Amino acid sequence: MKIAVLAKQVPDLVEGVEIDASGKAVDPTSIRYILSELDDHALEQALLLKERSQARVEVFSLETGEARETLFAALAKGADRVVMVQSGQESPPDNHTTAKLFASVLQGSAFELIFTGVRALDDLDGSLGGLLAGYLGLPYVGLVRKVELAGDQGKAIVEKEYPGGYAAELEVELPAVLGIQAAEQPPRYVPVSRLRQVMKTGNVEEQAASLPSAPPLEIERLYKPEEGKGATMLSGSPEEVARQIANILSERRLLR
Amino acid sequence: MANNILVVAEHFQGNVTDITFELLGKGRELARALGGNLGVALLGHDVAGLVTALGAADVVYTADRAELREFTPDAYAAVLGNAIGQASPRVVLLGSTSVGLDLLSLLSARLELPCVDNCVALNTQDGELVATCQIYGGKLFAEVRLPQQTTLVAVAPGMFPAEAGRVTRNPQIVYLPEVAAAPGPRMSFRRWIEPPPGDVDITKVPILVAIGRGIQSADNVPQAEALAEALGGAVCGSRPVIDQAWLPKTRQVGKSGMTVKSKLYLALGISGAPEHVEGMRGAELIVAINTDPRAPIFSVAHYGVVADLFDILPPLSEEIKARQG
């Protein structure tokens, strides 16, 4: 059993994101990249399957942002092989381009499962997993929160999330692509000492891929929501703010 | 490609869901502006009874078969590919939902059609269509001019009024043929898993204290619980809090969690990502405390405070306790 995990770099929102002078794109110099949170869940789910059923876990990342660091961290967590896909892109391309790149890299490799986070912060043109499945002609299920391998039957049993806390249990023939919403447990942390050791001894493989031509969406304008639009903003010392909130609740008869 | 609009209907436990009516209302508006007709694709089994609820549409494209009883991306995408071919739409409207999200990207790749996700507004401009989409957790909006070909658009739930799409009438029916999926069905539905039984049903609690990533650790959750107790309410949370197991799954608000309409929703350290807002937009009074003045939660809140929640929580709990005697 071989599982591929696609790890995408996305802007760290804690650092903020600025729009460039054209007003149509983000300013790449304003961005610090991190691993997409749900891709971290995808990796965790793959590692759980490795522990349960001796699966082999291979992680692929485009050479953008902090991809090398992400791949070393994946090795330190227990991935068997990590690959950086080089296409000459400096910032992460859109999902159609990314999906075509990964499709060219994964085509013909004997992966039974391909995991990716079901969505990422910069998704504008659909989710990567579904696009990849479409290009590879594989089945796809998104919003997956649990994956079990069904013995030697070449199948996986997955739980797909629905609103209201419901989930559907589906049986999926392998190979398949799954969009992970949450791993069965919170993603593991890597001790810094372990990461340092892996950065000395571990190997990030590099693989070239040619950039496909996918017509991008035409973004007319990028803008931030107006600050405080809609809300009446309260200010003052914490005690003053607390009194104001209590007054509002009192006026609305929300205090007993 | 004609100027038609095609809506992909969703139903759950025998009822057409709200997102479908939201899309039908918007679809009708666009069809009128573009001079096309409005179609709706209804897939399932024993769904003939749902057709009259879809009267906002001119045409219902339907496939009624046992293997379509519950949603599976593979089979639904195959049938919808056929519906899109027949309807010849300018735009296919889907929900940015558990069902719609899977279909959006699968259909986009299989049919080589462009797509946009997380759409919160969709309007005509000089005969062209412009979609406004939320990205970066609601911190940016992107205006996208849709290409001059059939484009798939996934719309965030709760953005368009459902009432506009609720028309009871018998539209024209077109039966979709069986599609021989090339590799055969590779996926089957096994069963529904019910939500776990909860200690508290947060959809029925009038006062909710909601915590997000800003609560920082499980150790700080009791502070929010203390405030909820003083208010006579309950604590709930956004996805990251649930994924970290700081609160049980039954307390999750948002996409794949609960949709609440409480009298008070006090949002502490919640940025207001679209997936969360979807579940709490309908609360009667929303008060948000967040350190980031540009946090999207402030655009749905009625009152906002730019502050560290840990500065406000202690005096607020004291103030509430004092007033409640």
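Mentor: Start with the largest nonpolar core, in this predicted model. This core has 142 residues. Four of them have the most contacts inside it: A:V5, A:L132, B:L54 and B:V153. Helix α2 of chain B, residues 73-87, gives the most to this core. Its share is 9 residues.

Go back to A:V5 for a closer look. Set aside its neighbours within four places in sequence. A:V5 is then in contact with A:A42, A:L43 and A:A46, and also with A:V57, A:V59 and A:F115.

Now turn to where the chains meet. Chain A puts 70 residues into the contact, and chain B puts in 77 residues. On the side of chain A that touches chain B, several elements give two or more residues. They include the helices α4 (128-136) and α6 (238-251). Strands are there too, including β7 (140-149), β8 (155-161) and β13 (232-234). The largest share comes from α6(A), with 10 residues. Sort this side of chain A by class, and you get 39 nonpolar, 12 polar and 19 charged residues.

Finish with β13(A). This strand pairs with strand β17 of chain B, residues 303-306. The pairing runs in the parallel sense, over 3 bridges. To find the spot, look for A:M233, which stands opposite B:G304 in β17(B).

Terms used. Residues numbered from 1 in each chain as written. Chains lettered and ligands numbered in written order. Predicted model: local features only at pLDDT ≥ 70, side-chain atom pairs only at ≥ 80, totals over all residues. Core = buried A, V, L, I, M, F, W, Y, C linked by C-beta atoms within 7 Å. Buried ≥ 20, exposed ≤ 12 C-beta atoms within 10 Å, placed from the backbone. Helix = DSSP H or I, 4+ residues; strand = E, 2+ residues; numbered from the N terminus. Contact = placed C-beta atoms within 7 Å. Nonpolar A, V, L, I, M, F, W, Y, C, P; charged D, E, K, R; others polar. Pairing = 2+ DSSP bridges.
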